[in-house]
Amino acid sequence: LPACKDSKLFIKDLHFDEVPVRIYCPRVPSASKRRGVIFFHGGCGMFGSIRSHERICRYIARKSDSVVVSVGYHLSPEHKYPAQTLDCLTATVHFLKTAENYGVDSDRIIVCGDSAGGTFTASICQELVNRRDIPKICAQVLIYPFLQALNFNLPSHQKNAFVGFLSREHIVRFILKYLEKDWSMKEAILAGSHVPENMNLKYRKWIYPDLIPEIFKLGYKAPLPTSFLPQVHEETKELFETRLSPLLAEDTVVCRLPDTCIITCEHDVLRDDGLLYKKRLEDNNVKVTWYHMEEGFH
(Lines give C-alpha, C1' and ligand atoms only; values in the text may rest on other atoms or scores of the structure.)
Protein backbone atom coordinates (compact mmCIF):
# COMPACT_ATOMS: atom_id res chain seq x y z
CA LEU A 1 0.00 0.00 0.00
CA PRO A 2 1.22 3.53 -0.68
CA ALA A 3 2.38 5.78 2.14
CA CYS A 4 -0.20 7.91 3.92
CA LYS A 5 -0.01 11.67 3.53
CA ASP A 6 1.22 13.60 6.56
CA SER A 7 1.19 17.36 6.94
CA LYS A 8 4.37 17.29 9.05
CA LEU A 9 6.40 14.69 7.13
CA PHE A 10 7.76 13.99 3.68
CA ILE A 11 7.22 10.26 3.12
CA LYS A 12 8.85 8.38 0.27
CA ASP A 13 9.24 4.73 -0.77
CA LEU A 14 12.69 3.71 -1.98
CA HIS A 15 14.97 0.70 -2.29
CA PHE A 16 18.31 0.39 -0.51
CA ASP A 17 20.23 -2.15 -2.59
CA GLU A 18 16.99 -3.95 -3.54
CA VAL A 19 15.59 -3.84 0.01
CA PRO A 20 12.30 -1.87 0.22
CA VAL A 21 12.34 1.05 2.66
CA ARG A 22 10.03 3.92 3.54
CA ILE A 23 11.62 7.19 4.65
CA TYR A 24 9.89 9.67 6.95
CA CYS A 25 11.50 13.11 6.99
CA PRO A 26 10.19 16.17 8.92
CA ARG A 27 8.98 18.95 6.61
CA VAL A 28 10.26 21.78 8.81
CA PRO A 29 13.77 22.78 7.69
CA SER A 30 16.56 22.01 10.14
CA ALA A 31 19.52 24.27 10.89
CA SER A 32 21.73 21.22 11.30
CA LYS A 33 21.77 17.60 10.23
CA ARG A 34 19.11 15.50 11.89
CA ARG A 35 19.29 12.27 13.82
CA GLY A 36 18.54 9.07 11.91
CA VAL A 37 16.46 6.08 13.03
CA ILE A 38 16.50 2.71 11.26
CA PHE A 39 13.39 0.74 12.23
CA PHE A 40 12.83 -3.04 11.90
CA HIS A 41 9.23 -4.17 12.42
CA GLY A 42 8.27 -7.26 14.41
CA GLY A 43 6.38 -10.33 13.27
CA CYS A 44 8.79 -13.25 13.71
CA GLY A 45 10.18 -12.68 10.23
CA MET A 46 6.91 -13.94 8.73
CA PHE A 47 4.35 -11.19 9.46
CA GLY A 48 4.19 -7.43 9.53
CA SER A 49 5.32 -4.85 7.01
CA ILE A 50 6.26 -1.23 6.53
CA ARG A 51 2.52 -0.49 6.41
CA SER A 52 1.69 -2.29 9.65
CA HIS A 53 4.19 -0.10 11.52
CA GLU A 54 3.47 3.13 9.66
CA ARG A 55 1.87 4.85 12.65
CA ILE A 56 4.75 4.25 15.08
CA CYS A 57 7.37 5.31 12.51
CA ARG A 58 5.50 8.54 11.74
CA TYR A 59 5.19 9.18 15.48
CA ILE A 60 8.93 8.69 16.07
CA ALA A 61 9.82 10.96 13.15
CA ARG A 62 7.52 13.76 14.35
CA LYS A 63 8.23 13.59 18.08
CA SER A 64 12.00 13.19 17.83
CA ASP A 65 12.49 15.42 14.77
CA SER A 66 14.41 12.56 13.16
CA VAL A 67 14.62 10.95 9.74
CA VAL A 68 13.16 7.46 10.11
CA VAL A 69 13.91 4.62 7.71
CA SER A 70 11.44 1.74 8.01
CA VAL A 71 12.87 -1.44 6.49
CA GLY A 72 10.54 -3.77 4.54
CA TYR A 73 12.71 -6.87 4.74
CA HIS A 74 11.51 -9.88 2.76
CA LEU A 75 9.47 -12.38 4.75
CA SER A 76 9.71 -16.11 5.37
CA PRO A 77 8.82 -18.67 4.01
CA GLU A 78 9.13 -17.17 0.52
CA HIS A 79 12.54 -15.83 1.57
CA LYS A 80 14.29 -18.33 3.79
CA TYR A 81 16.17 -17.53 7.00
CA PRO A 82 18.52 -15.66 7.35
CA ALA A 83 17.32 -13.48 4.44
CA GLN A 84 15.48 -11.22 6.91
CA THR A 85 18.61 -10.41 8.93
CA LEU A 86 20.66 -9.96 5.77
CA ASP A 87 18.09 -7.52 4.34
CA CYS A 88 18.19 -5.50 7.57
CA LEU A 89 21.99 -5.52 7.48
CA THR A 90 22.05 -4.39 3.84
CA ALA A 91 19.63 -1.53 4.48
CA THR A 92 21.53 -0.42 7.58
CA VAL A 93 24.91 -0.34 5.85
CA HIS A 94 23.42 1.54 2.89
CA PHE A 95 21.90 4.20 5.14
CA LEU A 96 25.07 4.59 7.20
CA LYS A 97 27.00 5.22 3.97
CA THR A 98 24.46 7.61 2.42
CA ALA A 99 22.98 9.37 5.48
CA GLU A 100 24.09 12.82 4.37
CA ASN A 101 21.95 12.48 1.24
CA TYR A 102 18.92 12.57 3.54
CA GLY A 103 20.11 15.38 5.78
CA VAL A 104 21.21 13.00 8.52
CA ASP A 105 24.31 13.14 10.69
CA SER A 106 25.95 9.72 10.13
CA ASP A 107 27.31 9.79 13.70
CA ARG A 108 23.81 10.11 15.17
CA ILE A 109 22.03 7.06 13.75
CA ILE A 110 20.25 4.56 15.98
CA VAL A 111 18.81 1.15 15.15
CA CYS A 112 15.44 0.22 16.63
CA GLY A 113 13.04 -2.74 16.47
CA ASP A 114 10.17 -4.44 18.27
CA SER A 115 9.93 -8.17 19.03
CA ALA A 116 11.69 -9.97 16.13
CA GLY A 117 12.70 -6.50 14.97
CA GLY A 118 14.54 -6.28 18.29
CA THR A 119 16.27 -9.55 17.42
CA PHE A 120 17.40 -8.09 14.08
CA THR A 121 18.51 -4.90 15.83
CA ALA A 122 20.69 -6.76 18.32
CA SER A 123 22.09 -9.01 15.60
CA ILE A 124 22.94 -6.17 13.21
CA CYS A 125 24.69 -4.19 15.96
CA GLN A 126 26.76 -7.26 16.81
CA GLU A 127 27.67 -7.90 13.18
CA LEU A 128 28.82 -4.32 12.68
CA VAL A 129 31.13 -3.97 15.71
CA ASN A 130 34.20 -4.81 13.61
CA ARG A 131 33.32 -2.73 10.55
CA ARG A 132 35.70 0.19 10.07
CA ASP A 133 34.55 1.29 6.62
CA ILE A 134 31.25 2.78 7.82
CA PRO A 135 30.15 5.09 10.69
CA LYS A 136 29.44 3.47 14.04
CA ILE A 137 25.84 3.02 15.15
CA CYS A 138 25.12 5.57 17.88
CA ALA A 139 22.65 3.47 19.89
CA GLN A 140 20.24 0.54 19.72
CA VAL A 141 16.66 0.35 20.99
CA LEU A 142 15.22 -3.10 21.74
CA ILE A 143 11.45 -3.16 22.30
CA TYR A 144 10.45 -6.43 24.05
CA PRO A 145 13.01 -8.35 21.97
CA PHE A 146 13.38 -12.10 21.39
CA LEU A 147 17.04 -12.83 22.16
CA GLN A 148 17.56 -16.53 22.89
CA ALA A 149 16.17 -19.95 21.96
CA LEU A 150 17.91 -22.11 24.56
CA ASN A 151 15.66 -21.79 27.58
CA PHE A 152 11.88 -21.49 27.39
CA ASN A 153 11.44 -22.10 31.12
CA LEU A 154 12.59 -18.78 32.54
CA PRO A 155 10.34 -17.03 35.11
CA SER A 156 8.64 -14.89 32.45
CA HIS A 157 7.90 -17.98 30.35
CA GLN A 158 6.20 -19.63 33.31
CA LYS A 159 4.36 -16.54 34.52
CA ASN A 160 3.03 -15.59 31.07
CA ALA A 161 2.79 -19.05 29.52
CA PHE A 162 -0.86 -18.59 28.56
CA VAL A 163 -1.06 -14.85 27.99
CA GLY A 164 -3.13 -14.00 24.92
CA PHE A 165 -1.52 -13.14 21.57
CA LEU A 166 1.94 -14.51 22.41
CA SER A 167 1.93 -17.56 24.64
CA ARG A 168 4.96 -19.69 25.48
CA GLU A 169 3.79 -22.34 23.02
CA HIS A 170 3.25 -19.76 20.28
CA ILE A 171 6.86 -18.60 20.48
CA VAL A 172 8.22 -22.05 19.67
CA ARG A 173 5.57 -22.64 17.01
CA PHE A 174 6.51 -19.36 15.30
CA ILE A 175 10.23 -20.12 15.47
CA LEU A 176 9.79 -23.57 13.95
CA LYS A 177 7.54 -22.15 11.25
CA TYR A 178 10.04 -19.36 10.57
CA LEU A 179 12.86 -21.86 10.14
CA GLU A 180 10.59 -24.28 8.23
CA LYS A 181 11.09 -27.06 10.77
CA ASP A 182 8.74 -29.85 11.81
CA TRP A 183 6.25 -28.71 14.46
CA SER A 184 6.49 -32.13 16.11
CA MET A 185 9.68 -30.91 17.84
CA LYS A 186 7.76 -28.23 19.74
CA GLU A 187 7.38 -30.11 23.02
CA ALA A 188 11.03 -31.19 23.06
CA ILE A 189 12.19 -27.60 22.59
CA LEU A 190 9.81 -26.28 25.23
CA ALA A 191 11.27 -28.84 27.63
CA GLY A 192 14.85 -27.93 26.68
CA SER A 193 15.71 -31.31 25.20
CA HIS A 194 17.31 -29.65 22.17
CA VAL A 195 20.25 -28.34 24.24
CA PRO A 196 23.17 -30.66 25.12
CA GLU A 197 24.48 -30.54 28.68
CA ASN A 198 27.83 -29.01 27.72
CA MET A 199 26.03 -26.15 26.00
CA ASN A 200 23.74 -25.62 28.98
CA LEU A 201 26.79 -25.39 31.22
CA LYS A 202 28.59 -23.02 28.84
CA TYR A 203 25.72 -20.54 28.59
CA ARG A 204 24.51 -20.87 32.17
CA LYS A 205 26.56 -17.77 33.02
CA TRP A 206 24.31 -15.75 30.68
CA ILE A 207 20.96 -17.59 30.53
CA TYR A 208 19.83 -18.82 33.93
CA PRO A 209 16.87 -18.05 36.24
CA ASP A 210 19.17 -17.00 39.09
CA LEU A 211 20.30 -14.02 36.98
CA ILE A 212 16.76 -12.60 37.01
CA PRO A 213 16.02 -10.09 39.82
CA GLU A 214 14.07 -11.67 42.68
CA ILE A 215 11.12 -9.30 42.18
CA PHE A 216 10.47 -10.98 38.83
CA LYS A 217 10.73 -14.56 40.15
CA LEU A 218 7.64 -14.73 42.36
CA GLY A 219 6.04 -18.15 41.98
CA TYR A 220 8.83 -19.52 39.81
CA LYS A 221 9.45 -23.28 39.99
CA ALA A 222 12.54 -24.93 38.52
CA PRO A 223 11.51 -27.33 35.72
CA LEU A 224 12.13 -31.06 36.04
CA PRO A 225 15.28 -32.40 34.34
CA THR A 226 14.77 -33.63 30.78
CA SER A 227 16.69 -35.98 28.52
CA PHE A 228 18.80 -34.57 25.70
CA LEU A 229 17.52 -35.54 22.23
CA PRO A 230 20.44 -35.45 19.74
CA GLN A 231 18.17 -35.67 16.69
CA VAL A 232 16.20 -32.56 17.74
CA HIS A 233 19.47 -30.73 18.40
CA GLU A 234 20.78 -31.58 14.92
CA GLU A 235 17.53 -30.46 13.30
CA THR A 236 17.46 -27.12 15.09
CA LYS A 237 21.10 -25.96 15.14
CA GLU A 238 20.04 -22.55 13.77
CA LEU A 239 18.58 -21.81 17.20
CA PHE A 240 22.11 -21.43 18.57
CA GLU A 241 23.32 -18.96 15.96
CA THR A 242 23.76 -15.41 17.25
CA ARG A 243 21.60 -14.13 14.39
CA LEU A 244 18.67 -15.87 16.08
CA SER A 245 19.98 -15.87 19.67
CA PRO A 246 22.02 -12.66 20.15
CA LEU A 247 22.34 -13.43 23.87
CA LEU A 248 24.89 -16.11 22.93
CA ALA A 249 27.39 -13.62 21.51
CA GLU A 250 30.81 -13.64 23.16
CA ASP A 251 31.86 -10.89 25.57
CA THR A 252 34.44 -9.68 23.05
CA VAL A 253 31.47 -8.62 20.88
CA VAL A 254 29.07 -7.49 23.60
CA CYS A 255 31.60 -5.13 25.19
CA ARG A 256 31.82 -3.15 21.93
CA LEU A 257 28.10 -2.61 21.44
CA PRO A 258 26.60 0.90 21.37
CA ASP A 259 24.53 2.55 24.11
CA THR A 260 21.32 0.59 24.51
CA CYS A 261 17.70 1.19 25.46
CA ILE A 262 15.71 -1.92 26.42
CA ILE A 263 11.94 -1.94 26.92
CA THR A 264 10.32 -4.87 28.72
CA CYS A 265 6.71 -5.59 29.68
CA GLU A 266 5.30 -7.27 32.77
CA HIS A 267 2.90 -9.62 30.97
CA ASP A 268 5.28 -10.80 28.26
CA VAL A 269 6.90 -14.21 27.84
CA LEU A 270 9.96 -12.44 26.41
CA ARG A 271 10.45 -10.16 29.41
CA ASP A 272 13.41 -12.12 30.75
CA ASP A 273 15.26 -12.08 27.42
CA GLY A 274 15.44 -8.31 27.80
CA LEU A 275 16.44 -8.53 31.47
CA LEU A 276 19.24 -10.99 30.74
CA TYR A 277 20.59 -8.88 27.88
CA LYS A 278 20.46 -5.81 30.10
CA LYS A 279 22.63 -7.59 32.67
CA ARG A 280 25.08 -8.80 30.02
CA LEU A 281 25.50 -5.33 28.57
CA GLU A 282 25.96 -3.75 31.99
CA ASP A 283 28.48 -6.44 32.97
CA ASN A 284 30.41 -5.43 29.84
CA ASN A 285 30.27 -1.71 30.72
CA VAL A 286 27.77 -0.81 28.00
CA LYS A 287 25.48 2.06 28.99
CA VAL A 288 21.89 0.79 29.29
CA THR A 289 18.62 2.66 29.73
CA TRP A 290 15.83 0.31 30.82
CA TYR A 291 12.09 0.97 30.78
CA HIS A 292 9.78 -1.65 32.30
CA MET A 293 6.10 -1.32 31.47
CA GLU A 294 4.07 -2.59 34.43
CA GLU A 295 0.76 -3.99 33.21
CA GLY A 296 2.23 -3.93 29.69
CA PHE A 297 2.04 -6.91 27.34
CA HIS A 298 3.65 -8.03 24.09
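**Annotated range and domains**

Reply: To begin with the composition of residues 37-181 in this predicted model, the chain there is 38% helix and 18% strand, and the end C-alpha atoms lie 34 Å apart.

Me: Which residues does the UniProt annotation "domain: Alpha/beta hydrolase fold-3" cover?

Reply: The annotation comes from an unreviewed UniProt entry. According to that record, the domain covers residues 37-181 and 239-298.

Me: What is the distance between the end C-alpha atoms over residues 239-298?

Reply: Residues 239-298 are 28% helix and 32% strand.

Me: How many residues does domain 2 bring to the contact with domain 1?

Reply: The protein chain is divided into domain 1, residues 9-143, and domain 2, residues 155-240. Their centres, taken over C-alpha atoms, are 30 Å apart. Domain 1 gives 10 residues to the contact, and the number from domain 2 is 7 residues.

Me: Which three residues supply 59% of the area that domain 1 buries against domain 2?

Reply: The area buried between domain 1 and domain 2 is about 740 Å², with 67% of it from carbon and sulfur atoms. On the domain 1 side, three residues supply 59% of the buried area, more than any other three. They are Cys 44, Met 46 and Tyr 81.

Me: How many residue pairs are in polar contact across the interface of domain 1 and domain 2?

Reply: The salt-bridge rule finds 1 salt bridge across this interface. For polar contacts, with both residues at pLDDT 80 or more, the number of residue pairs is 3.

Me: What is the N to O distance in the salt bridge of Lys 80 and Glu 180?

Reply: The cut-off for a salt bridge is 4 Å between a side-chain nitrogen of Lys or Arg and a carboxyl oxygen of Asp or Glu. The side chains of Lys 80 and Glu 180 meet this rule with an N to O distance of 2.8 Å.

**Backbone features**

Me: Where are Pro 77 and Pro 82 found?

Reply: The peptide bond from Ser 76 to Pro 77 is cis, with omega near 5 degrees. The bond from Tyr 81 to Pro 82 is cis, with omega near 5 degrees. Pro 77 is in the loop between β4 (66-71) and α2 (83-98), and Pro 82 is likewise in the loop between β4 and α2.

Me: Is Glu 18 buried or exposed?

Reply: Glu 18 lies in the loop between β1 and β2 (19-26). Its phi is near 75 degrees, a positive value in a residue other than glycine. Because its relative accessible area is 69%, Glu 18 is classed as exposed.

Me: Is Tyr 144 buried or exposed?

Reply: Tyr 144 is in the loop between β6 (139-143) and α4 (155-159), and its phi is near 30 degrees, a positive value in a residue other than glycine. The cut-off for buried is under 20% relative accessible area. Since the value for Tyr 144 is 19%, this residue is buried.

**Buried residues and their contacts**

Me: Which residue joins its side chain to that of Asp 6 in a polar contact of 2.8 Å?

Reply: Asp 6 is in the segment before β1 (9-16) and counts as buried because its relative accessibility is 9%. Leaving out residues up to four places away in sequence, Asp 6 touches Ile 11, Arg 27, Arg 58 and Arg 62. The side chain in the 2.8 Å polar contact with Asp 6 is that of Arg 62.

Me: What is the relative accessible area of His 157?

Reply: His 157 is placed in helix α4. Beyond four places in sequence, the residues that His 157 touches include Gln 148, Arg 168, Val 269 and Asp 273. His 157 is buried, with a relative accessible area of 1%.

Me: How far apart in space are Leu 247 and Arg 35, C-alpha to C-alpha?

Reply: Leu 247 lies in the loop between α8 (230-235) and α9 (251-254) and is buried because its relative accessible area is 0%. Among the residues it touches, not counting those up to four places away in sequence, are Gln 148, Trp 206, Asp 273 and Tyr 277. Leu 247 and Arg 35 are 212 residues apart in sequence, and their C-alpha distance is 28 Å.

How values were computed. Residues numbered from 1 in each chain as written. Predicted model: local features only at pLDDT ≥ 70, side-chain atom pairs only at ≥ 80, totals over all residues. Heavy atoms only, no water. Helix = DSSP H or I, 4+ residues; strand = E, 2+ residues; numbered from the N terminus. Buried < 20%, exposed > 50% of the residue type's maximum accessible area, 1.4 Å probe, protein only. Polar contact = N/O pair within 3.5 Å; in protein donor to acceptor, adjacent residues only side chain to side chain. Contact = heavy atoms within 4.5 Å. UniProt positions renumbered as here; feature names shortened; annotations may be inferred. Domains from an automatic or database assignment. Buried area = accessible area lost by both parts, 1.4 Å probe.
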